[in-house]
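Dear colleague,

Please find below the structure that I am handing over to you. I would be grateful if you could read the notes after it with the model open.

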Amino acid sequence: MIDCGEATQLRCKRFNIKLSKIDHILISHLHGDHYLGLMGILSTMHLYGRKNDLFLVGPPGLSEIITIQLRYSETRLNFHIKFSEWIPNAQQVVMENEKLTIETIPLDHRVPCSGYLIKEKPKKRRFNKALMPVNITPVDIARLKNGFDLLDDEGNILYKNSEVTFPPNPNLSYAYCSDTRFKPALVEQLAKVDLLYHESTFADDMKDRAHETFHSTAKEAAQMAKSAGAGKLLLGHFSTRYKDLGVIIGEARSVFKESYLANEGETFTIPAL
Ligand SMILES: [Zn+2]
Ligand SMILES: [Zn+2]
């Protein structure tokens, strides 16, 4: 889960997202609309008898805020929280497992703020089932999946890798850029991201206000997606002044066609090729 505003727990209930399935919560910054739901979620996880560790990633101060609340309510959680606080303005890996890495995206906001870039690791080659060699050992299967040919004892090629396997599926990526001023320097880190979430608090009429308040406009978000060569852009964090979001999506699409509003409850799938 990335960011956890006040009503997150209610939304999880409404959309049938099980809290027990969440092992990592990443917080972008310590403005209330991005983390005030955290304590409630931690309490509910405790009441439901969670035992598994919970990994909590965020800015400096997050562990102190949570620990103090637990201390004064004399709550001893029946699961461990593993805190990890990133360094502001640095690009660093905050999580890695065998399938993916998550790194921070240093943003430009009034308080220390990082987005998160989730990248799949390179995948193995896929077998061409029709041409799959019969009776081969697990070691040989691993060799083929890693791109090697299969050789006989004399070193002759038994199975040429390119003939019995297909290239791996592409490594997909998702970038979440929460509250930030338009920051052109992000283009390099966001290059070719498949799905980009970028805040667009304002429309173009409030461009100056966006800059003053460390936020972005829809056009700026779209410019970022275009410059980075993103696959799709998701817009969110709209100012309540816009009752009709038509202006936001219209302006974004005038710059980057594959722009969408992050409507509550909607699912966006990162397309595999
Ligand atoms: Zn903020
Ligand atoms: Zn915000």
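Predicted model: local features only at pLDDT ≥ 70, side-chain atom pairs only at ≥ 80, totals over all residues.

Residues are numbered from 1 along each chain as its sequence is written, chains are lettered from A and ligands numbered from 1 in the order in which they are written, and side-chain values use heavy atoms, with hydrogens and water left out.

**The zinc ion (ligand 1)**

The protein donors here are His 29 (NE2), His 31 (ND1), His 109 (NE2) and Asp 179 (OD), at 2.2 to 2.3 Å from the ion. Donors are N, O and S atoms within 2.8 Å of the metal (3.2 Å for Na, K and Ca); water is not among the atoms, so sites may look incomplete. The four donor atoms form angles of 91 to 166 degrees, and the site is irregular. Four donors count as tetrahedral if all angles lie between 85 and 135 degrees; four count as square planar and six as octahedral if opposite donors are over 155 degrees apart and all others between 65 and 115; anything else is irregular.

Along the chain, the donors follow the spacing H-x1-H-x77-H-x69-D. His 109 lies in the loop between strand 5 (100–106) and strand 6 (114–120), and Asp 179 in the loop between strand 11 (173–177) and helix 7 (187–190), so the pair ties together parts that are 70 residues apart in sequence. Helices (H or I, at least four residues) and strands (E, at least two) are DSSP runs, numbered from the N terminus. Both His 109 and Asp 179 are buried. Buried means under 20% relative accessible area, exposed over 50%, and partly exposed in between (1.4 Å probe, protein chains only).

**The zinc ion (ligand 2)**

Asp 33 (OD), His 34 (NE2), Asp 179 (OD) and His 237 (NE2) coordinate this ion at 2.1 to 2.2 Å. His 34 counts as buried because its relative accessibility is 4%, whereas His 237, at 25%, is partly exposed.

**The largest pocket**

The lining of the largest pocket comprises 24 nonpolar, 12 polar and eight charged residues. Ala, Val, Leu, Ile, Met, Phe, Trp, Tyr, Cys and Pro count as nonpolar, Asp, Glu, Lys and Arg as charged, and the others, Gly among them, as polar.

Yours sincerely
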